[in-house]
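Welcome to this guided tour. Please open your viewer and get ready to select things one by one.

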Amino acid sequence: MSLGKSFLGWPVLRQLTGEDRTGRGPAAQSARSAGLLPRTKTADRVVDSVCPYCAVGCGQKVYVKDERVIQIEGDPASPVSRGRLCPKGSASEQLVNSPGRVTTVRYRRPFATDWEDLDLETATDMIADRVVETRARTWQDLDHKGQKVRRTLGFASLGGATLDNEENYLIKKLFTALGAVQIENQARI
Amino acid sequence: MPGLGASFGRGGATTFLQDLQHSDCIVIQGSNMAECHPVGFQWVMEAKKRGAKVIHIDPRFTRTSAVADSHVPLRAGSDIAFLGGIINYVLQHEKYFKEYVLAYTNASFLLREEFQDTEELDGLFSGYDASTAKYDSTSWSYAGLEGDGREGGKGAGGDDLGHAEGESHGSGGPALNPNEVQKDWTLQHPRSVFQVLKRHYARYTPEMVEQVCGVPASQFLEVCEAVTANSGRERTTCWVYSVGWTQHSVGVQYIRGAAIIQLLLGNMGRPGGGILALRGHASIQGSTDIPTLFNLLPGYLPMPQAAEHETWEAYLDGIRSPQQKGFWGNAESYVVSLLKAWWGEHATKENGWAFDYLPRISGDHGTYQTALDMVDDKVEGYFLLGQNPAVGSAHGKLQRLGMAHLKWLVVRDLNMIESATFWKDGPEIESGELRTEDIGTEVFFLPAAAHTEKSGTFTQTQRMLQWHHKAVDPPGDCQSELAFFYLLGQKVRARLADSGEARDLPLQHLTWDYPLDADGEIDAEAVLQEINGRHADGRLLSGYLEMKPDGSTAGGCWIYSGVYADGVNQSARRKPGSEQDWVAKEWGWAWPYNRRILYNRASADPDGKPWSARKAYMQWDGEHWVGPDNVDFPKDRAPSYRAPEGATGPDALNGDDPFVMMADGKGWLFSPSGLVDGPLPAHYEPAESPVVNPLYGQQANPTREVFKRKENPMQPSGDEPGADVFPYVFTTYRLTEHHTAGGMSRWLPYLSELQPEFFCEVSPAHARERGLENHGWATIITARAAIEARVLVTERVVPLRVGGKVVHQVGLPYHWGVGTDAVVTGDSANDLFGLALDANVHIQETKAAACDIQPGRRPRGEALLRMVEEYRSRAGITVETGQQRMTQRNEP
């Protein structure tokens, strides 16, 4: 017979006879809750990360099970954040697993009233075509004053402050080689 | 951040969050740190626990104010008057740190006879050209220098090319040849920087502060006393700011104001001191260091300008003076290494290191100019990479109308943001201005990878790079920007591989062969290694001191060189904080050279001894600089060292020149070059203000960038007819539970539940004046838009008495947008703003403007447009209104 079924397992007896005299610990715990484990205990691995919101740069521990992020906690080792996360950082597991997150390419034709599906490879090819065509059409060797400029003002980019340095580096490198100068990000906005 | 760059030499926070605990006084101004950087705020509380005084100067009472020793509410847009008042107090009461000021600042330097101050010209400095609204800064230079003090360079604002110059000082002070500068060590010469400063701020009295800011003189003096009592040999004060300071038409000069105070009080380079810029995005510091910005190359090297930088030699002479002191003197090595990193063997000495592969800029190619060019059908394509301009940028309508003119738009994001769906559910569809069937924009939405689905570095607010490791694969079609742009580059290169066009050579010759990782994706560590740089034989550089101008080194961002020192990814180091001192040098890696407090040579006196035992940090032990940090100075240069005649670059730094990036080695109380809107901060009203500038006839920043177009109607300001149609000041801000335009927060049920709805904060008196009810609706109106918000009547906002009249302020969080995909939606506060930009950095003024507010919801459909038109008509707004920059009465 398990303790739970016998009166010997009653919380009040455990409280009076055990060490938890205030009844706020093991004495009040049910068998079910005693068997519960935090998600973080059953993770397959824990990966070191950094919070993606503001620039305090709080350390994060990303818990992964079955190749899925199951929890994100503050990293106590970080000398900056000392294990803490704010409401946004604490919600970042939901950022990754958000029910509203779009995970497939969506395409809107000119003048269309709705989205349609498109496969990623085709989309990337179409974008590469657009870049090449726009660049050729809008290329300037000289500007209107006859000054050497070797550039295109035909396409632009906005974004970067939420991206990795390595990503910004490739974007700047590729755009500059394309002669595209209109690159901007939140640093001004 | 040229405000910091043109004062100290680098555009980054000068200290680190943990060091706040050693401050004796912390002034938080233009920032709501407790709510916007909550985890960083723990260090303010640690300081408070140790007895520090915490002062919050901000229009609104927030949770930062709640735990501060005092909250000083001031009128949004009046901070320079407040800071100038402190400078005046420090000078009048001789509270400055004399030894520090003499040794480490340019206080003793003499200016030219031609220099004229705003006191003489009613709000303008000498050199202003009314026809271009720009300054020729030649007269701001030091006495004894030829021309403007630069070799071959032009004045900061002397021509239209100079317009984009202001920002290029993020890591290297402005070019200048300092050798011949005349000095007066007594600081008594009327043309000394010190005396000029004194005269410039003489009218910034406590009474004037009260009149401009609405802060009672007694409360202002309490701040002065706290700050000066907590500065000097034994004590230090830190100044903390965020975008409450930067997003103004005179934002750069706000930061200059704090820089001058901190130099006068001797708080720079010292523990518990400095200026802490709090940044709002995970890698916003990184995205200026390795810039996705039009006017910069990595490491704050300027993008070449048409005409001015025709040749490699002209570029080089334009960005640095061969005679200048300090580490910017080696700029040639940094540029050559960058060009070698990008074009490898195709960058040779003979072809000027492929300098001509770089496109040239000519004026402002910033995001607002680009949006206007979209409206004019000059721009065909647009990439949005984790940014939502339909909600997050000023003048949202202009952004959306611009995008409706594009041929193609690529949106890469985690969620279906409003900028991706404006063509079917934007506010202009509802108002009838746009019809979905008429919008020809082809839209690609490509889902992005989250931070847990890719490896790479963010650079956080204290210049520290931290590596985040990939935890899982991205789902479905989701991709990192790294993977996407690598593939896009491959595809574009393949299409142009056989082209015979000269314009395609930079693509054909581009170094674009990156190793792939185990998942078949481009390896982010390989990119970080390229950024760090290598010797010709492939060895990784240990830092930028190893970079050479002869093509034997390659490196993509000189200030980041050292992040892969010893072949180790230093950014991935995670030695627990509990096993280190507070400097925590073995956690991540900070640029430059893993230095945590910048200019820390100044933590010791000119002889190399700590200013006091209590504030000891770095010191000279007879052979080296030692202390808890890496010294921001040549490691073995003795305090007594005096550079030989003719020395240049780092060799020219004397043993007491702590500002190692500056051309003269000193902190700049007065900026003789580097800024386009003046060498000293002067108070100007916001572009749209219900208040007449009490200090000068010049109402607003005379160099601010304006766009005189029908799409950008601006309001009358000050005492202009019609200004009273928009009688209230408003400001925008963030909440703890949301992030900027909401792309990373309004799609999350947790966060949406915590802050579901757009609201406005008004004071009880203001609510009575306009009949606003708590929890009811209000409509806020400007010349651009009318938006609706729930009303929060709260004493957190107080009416201020400014210049004899009561000014009410409205507070608006800006996270919501009109659409159908997010969990929570609402009108966008940014729709209210017009475009008026700071000329140094092209940042928009979104922290102070004027509006009206009325009870009730806004009209729908065409009636909404009629309402806004009626306001414009009542205020007499034409395309000319508010676009006049010089408004002072006396001819200069």
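Start by selecting Leu158(A), which stands opposite Leu384(B) in strand 10 of chain B. Chains are lettered from A and ligands numbered from 1 in the order in which they are written, and residues are numbered from 1 along each chain as its sequence is written. This is a predicted model, where local features need pLDDT of at least 70, side-chain atom pairs count only at pLDDT 80 or more, and totals for chains, interfaces and linings use all residues.

Now show strand 8 (residues 155-158) of chain A and strand 10 (residues 381-385) of chain B: they run parallel, joined by 4 bridges. Strands pair if DSSP finds at least two bridges between them. Helices (H or I, at least four residues) and strands (E, at least two) are DSSP runs, numbered from the N terminus.

**The contact between the chains**

How many residues does the contact take from each chain? Chain A gives 99 residues and chain B gives 133 residues; a contact means C-beta atoms, placed from the backbone, within 7 Å. Next, colour helix 20 (residues 481-496) of chain B, which gives the most to the side of chain B that touches chain A, with 11 residues.

**An enclosed helix**

Move on to helix 22 (residues 524-532) of chain B, which is largely enclosed by the rest of the structure because 7 of its 9 residues are buried (20 or more other C-beta atoms, placed from the backbone, within 10 Å of a residue's own). Among them are Val527(B), Leu528(B) and Ile531(B). The buried residues pack against helix 6 (165-178) of chain A, and against helix 14 (331-343), strand 13 (456-459) and helix 20 of chain B. Finish at Gly533(B), which follows helix 22 of chain B and has a positive phi, near 100°.

Conventions
Two residues are in contact if their C-beta atoms, placed from the backbone, lie within 7 Å. A residue is buried if 20 or more other C-beta atoms lie within 10 Å of its own, exposed if 12 or fewer, and partly exposed in between; C-beta atoms are placed from the backbone.
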